[in-house]
Amino acid sequence: MLALYGHPFSSYTWKAQIALHAAGIDYDFRVIDADHPEHYAYVQTHAGPLGKFPVLVDGDKVIFEASAIIEYLALHHAAEAHLIPGEPDAAIGMRMVDRVFDNYVMNQVQAVVNAYLRDPDNPDAETCESARAALRRSYAWLNEWLEWYHGGDGVTLIECAAAPALFYADWVEPIGDDHPLLRDWRAYLLALPEVSRCVEAGRPFRPNFPPGAPDRD
């Protein structure tokens with residue numbers, strides 16, 4: 001059985017889990033927390049230069065970085081799930097949008113979270129506003145992109161990246177009525193069974209969200 005190292009409140013763990021759920025793949029979830037120091041030690045030893053999760057283990061193969069994990073699953077375990085299209089140009093377009101969610105959405109959320117971790121009572125205002133402004137710019141781009149992206153009946157790399165990124169981004173900088181397509185798509189994504197399974201597993205950890213979790217979702 002495949003093993004996935006991660007945490008149930010981690011956005012990038014969700015990203016890999018959504019792909020596993022969409023493909024119907026059973027896996028052993030090895031939680032990184034204080035009760036499982038051996039899991040933390042494994043990740044620190046095997047997961048690239050900085051020892052970050054999620055990490056997928058398949059026999060003697062170890063894959064880190066959520067996008068790479070999804071690529072691996074699509075190639076070796078989930079061809080029928082169509083996580084990534086076989087047509088090269090379509091695959092490039094999908095990978096491009098995947099990077100938008102990681103680099104222009106989730107990274108900005110993390111900047112705000114880090115500011116609160118450094119100083120919970122007085123987070124750096126310039127850092128937080130810069131990140132929120134970047135999110136608003138990304139929201140505008142994504143709302144226009146959604147005018148032609150309608151997805152499909154299944155979950156792809158895009159949905160795997162978008163669902164956790166938008167889940168947390170809306171907590172940091174709410175998606176307003178000026179971006180209705182993006183707001184509605186976020187709601188659609190969170191209602192998908194593959195995603196709601198992650199949302200519910202992470203619910204007990206919401207008090208740990210440094211900027212404070214809203215009483216919704």
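Visitor: Which residues in the largest nonpolar core touch the most other members?
Guide: This is a predicted model. In its largest nonpolar core, those residues are L73, F101, W145, Y168 and W185. The core has 64 residues.

Visitor: Which helices and strands supply at least two residues of this core?
Guide: One strand is among them, β1 (2-6). The helices are α1 (11-23), α3 (66-76), α4 (88-118), α5 (125-145), α6 (157-172), α7 (180-191) and α8 (193-202).

Visitor: Which gives the most?
Guide: α6 does, with 13 residues.

Visitor: Back to F101. What is F101 in contact with, leaving aside its neighbours within four places in sequence?
Guide: M106, L142, W145, I158, A161, A162, A165, L166 and W185.

Visitor: Which residues does the second, separate core include?
Guide: A3, Y5, V43 and V57 are among them. That second core has eight residues.

Visitor: New topic, α1. How many of its residues are buried?
Guide: Ten of its 13 residues, so-called "mostly covered". The buried ones are S11, T13, W14, K15, A16, Q17, I18, A19, L20 and H21.

Visitor: What covers the buried residues of α1?
Guide: The cover includes two strands, β1 and β2 (27-31). It also includes the helices α3, α4, α6 and α8.

Visitor: What span should α1 have, and how far apart are its end C-alpha atoms?
Guide: At 1.5 Å a residue, the 13 residues of α1 should span 18 Å. The end C-alpha atoms are 19 Å apart, which agrees.

Visitor: And what comes just after α1?
Guide: G24, with a positive phi of about 70 degrees.

Visitor: Let's turn to helix pairs. How do α4 and α6 cross?
Guide: Their axes come within 9 Å and cross at roughly 25 degrees. An angle under 35 degrees counts as roughly parallel, so α4 and α6 are roughly parallel to each other. The crossing is left-handed.

Visitor: Which residues meet there?
Guide: From α4, they include M94, V97, F101, V105 and V109. From α6, they include I158, A161, A165, Y168 and V172. F101 is also one of the core residues that touch the most other members.

Visitor: What about α1 and α6? At what angle do they cross?
Guide: Roughly 145 degrees, and their axes come within 8 Å. α1 passes α6 in a right-handed crossing.

Visitor: Which residues of α1 meet α6?
Guide: S11, W14, K15, I18 and A19. On the α6 side they meet L157, C160, A161, A163, P164, F167 and Y168.

How values were computed:
Residues numbered from 1 in each chain as written. Predicted model: local features only at pLDDT ≥ 70, side-chain atom pairs only at ≥ 80, totals over all residues. Heavy atoms only, no water. Core = buried A, V, L, I, M, F, W, Y, C linked by side-chain atoms within 4.5 Å. Buried < 20%, exposed > 50% of the residue type's maximum accessible area, 1.4 Å probe, protein only. Helix = DSSP H or I, 4+ residues; strand = E, 2+ residues; numbered from the N terminus. Contact = heavy atoms within 4.5 Å. Expected span 1.5 Å × (residues − 1). Axes fitted to C-alpha atoms, helices over the stretch in contact; angles between N-to-C directions. Parallel < 35°, antiparallel > 145°, perpendicular 65-115°, else oblique. Left-handed = near helix turned anticlockwise from the far one by under 90°.
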